[in-house]
There are 2 protein chains.
Amino acid sequence: MNDRIRMREDGVPILLTPGPLTTRPETRQAMLRDWGSRDEAFIAMTAELRRRLAAVAGGRGGHVAVPLQGSGTFIVEATIGTLIGADEKLLVLINGAYGERMLAITRRLGRRAEALRWPEDQAVDPAAVERALRDDPAITHVALVHCETTTGLLNPLAAVAAVVASHGRAFLVDAMSSFGALGIDVGQTPITAVMASSNKCLEGVPGLGFAVIEEKALLAAKGVNPSLCFDLHEQWQGFERNGQWRFTPPVQVAAALLTALRRLETEGGPAARLRRYQENFDILAQGMTRLGFQLFLAPGIQAPIIATFYQPTAPWFRFPSFYQALAARGFLIYPGKLSQADTFRIGCIGAIGPDDFRRLLVAIAAIMEEQKEAVDGPVH
Amino acid sequence: MNDRIRMREDGVPILLTPGPLTTRPETRQAMLRDWGSRDEAFIAMTAELRRRLAAVAGGRGGHVAVPLQGSGTFIVEATIGTLIGADEKLLVLINGAYGERMLAITRRLGRRAEALRWPEDQAVDPAAVERALRDDPAITHVALVHCETTTGLLNPLAAVAAVVASHGRAFLVDAMSSFGALGIDVGQTPITAVMASSNKCLEGVPGLGFAVIEEKALLAAKGVNPSLCFDLHEQWQGFERNGQWRFTPPVQVAAALLTALRRLETEGGPAARLRRYQENFDILAQGMTRLGFQLFLAPGIQAPIIATFYQPTAPWFRFPSFYQALAARGFLIYPGKLSQADTFRIGCIGAIGPDDFRRLLVAIAAIMEEQKEAVDGPVH
């Protein structure tokens, strides 16, 4: 297995970030040619891309994949703007920065929205969602972040979906950092729209987002979005009409994603990918614990996608120099994004495997020793 | 010169389209690695990218480059949504589909807009703009498409800019298919914002748009845009704050564009690029005229960017089979986009040169002969 995922080039750091992340060379090599975006070769690629994205979500006819140019936040804004009408109301379940972002997007668009909030280290509680929906019949849609990239917290998708469905409301899922690894099945779980991007667990390069949306919700969304570019009803109709993107697509990014989706299938699908990420996470978590680091989240709500560690409280620890020293050894990690604690994050996703994490741990141990010695003087 | 721009790979058609277009191999090869979007290496690339984009526009301190994820239409919508407030009014000068698109974007956003229209084969008339501005003091902004990709028509940018400036209104220029080749100098010509994308005359790959905007207009635009993703004030503030993109950038597309911008400089800048495109256009136009094709536009308003030809009226001519036969020979051309006539388009931009057009003309001559014979029988 390690050989199969051994893919690092000399001199290029591996990305232990939540995306853009380290991709396979063949994914990047798929970008080495030009395509006419309205030519039949690219139309066929778009059709396969849409079919594979829907399939990864478990779509069985009732849902369609609508890719969109831009970053993950673009597809979130487009989905909210397309599906939530002027007389509707969104309830956002928030326990991290990406939940807050959905709320901010909705309110800026002039749509009604309110929030239920939990601390950043606690999962969304379906019972509280149940009460909120019972108390406010004006709520038409509920939005959840599946895996909060802020921390790595895994929210209880199926339980929340069941509550939302039992109240007859629509359910929007930001699956940005889970799609392609953690199980999402719109054929089993009542989900109106699931949103994600090319450059996380699908292991493509950044530049595309997509939503897998219930067809009947899209049909009902004609004319809702005040944005021409973000109107996913029209984007979908464009694909259905002639197989083409309405506006120039990033053809190379799409080609890379298609290559990555084919690879996901040969790798064994999301379940196999999750096993690899889980192995990455376990090696990382155990090794870091041995080195004295502490995970921010309790094990029961930790997804094996990204790990948030408290910064050591030792007086000699400096995150910027820790980051720089790791970068110099070929590892790019990620700063924390928490309001309540000094942390840093290490991503477990991308075309990386257990050996990369073993090497990382060796590097971290050496850097910690160096930093400590720089202050304490060497231990004799 | 032909050697320097000889860059076609076997089996891959060249794109005679208005973008995505044929790029140089080194531009695509720049996409062969991964970057952490918040790491200093990519921050430095972003800074160079912004500096080079502003420089191509002639920016000398008063204007800043704001790149944005997505297609060219995304940056047009973002610029309009950011710069035109709820109590302001846009006058759109229209002689093609891209002018109509600006009007549609503005009205969908709920902003006030009206249009002055000309036929698709006539340039915008500065005198009419002058009258419109004199008659309607509510107009705060004027928008023009520099080169209408619909036809290849070149609008009189400097004359319109002078009229708009003399009336103290802001001026937005869609320079999608001219930027990097046809001269635009915001240091000389009074332009508030010029919008373009990575994948036209800059010869990058698609996935990024950008606007070069007067800094004081951006400063005044805080809080105007109801879209989080398309708020160019915040996008700009993000770059100024820490050098980073607010939301995940398409790192490989940015790397390709940076490579393409460096190449533009070594090639001699926009003036040298325009000479190459002009040579491409002249060979094409003369050869097509010899073959009996007729250009849609009069020479005085034709930009050497894309050529629109009438479809032959001969009863044996079928555009789909003409397109297919050219594709089979390695040339992808572009359908027409006119409301008033059956046409097709051939782009002169991209990493292509005179020899490519000579080969194209040989192919077109052969295909026309085949199609004619298929109906008439061979001539003995």
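This is a predicted model: local features need pLDDT of at least 70, side-chain atom pairs count only at pLDDT 80 or more; totals for chains, interfaces and linings use all residues.
Trainee: How many residues does chain B give to the contact with chain A?

Mentor: Good place to begin! Being in contact here means having heavy atoms within 4.5 Å of the partner. Chain A brings 55 residues to the contact, and the count from chain B is 55 residues.

Trainee: How much area do chain B and chain A bury between them?

Mentor: The size of an interface is often given as the accessible area lost when the parts come together. Here, 60% of the buried area lies on carbon and sulfur atoms. On the side of chain B, B:D34, B:F74 and B:R108 lose the most area to chain A, together 16% of what that side buries. For the two chains, the total is about 4,400 Å².

Trainee: Which residue of chain A forms a salt bridge with B:R108?

Mentor: The interface of chain B and chain A holds 6 salt bridges by the rule used. In the one with B:R108, the closest N and O atoms are 3.0 Å apart. The partner is A:E234.

Trainee: How do the residues of chain B that touch chain A divide into nonpolar, polar and charged?

Mentor: Elements giving two or more residues to this side include helix 3 (72-83) and helix 4 (97-108) of chain B. The residues of that side divide into 26 nonpolar, 17 polar and 12 charged.

Trainee: What kind of axis relates the two copies?

Mentor: Chain B can be laid on chain A by a turn of 180° and a shift of 0.0 Å along the axis, with an RMSD of 0.0 Å. The copies are therefore related as by a two-fold rotation axis.

Terms used. Residues are numbered from 1 along each chain as its sequence is written. Chains are lettered from A and ligands numbered from 1 in the order in which they are written. Side-chain values use heavy atoms; hydrogens and water are left out. Buried area is the accessible area (1.4 Å probe) that two parts lose on being put together, summed over both. A salt bridge is a side-chain nitrogen of Lys or Arg within 4 Å of a carboxyl oxygen of Asp or Glu. Helices (H or I, at least four residues) and strands (E, at least two) are DSSP runs, numbered from the N terminus. Ala, Val, Leu, Ile, Met, Phe, Trp, Tyr, Cys and Pro count as nonpolar, Asp, Glu, Lys and Arg as charged, and the others, Gly among them, as polar. Copies are superposed by least squares on the C-alpha atoms of residues with pLDDT of at least 70 in both.
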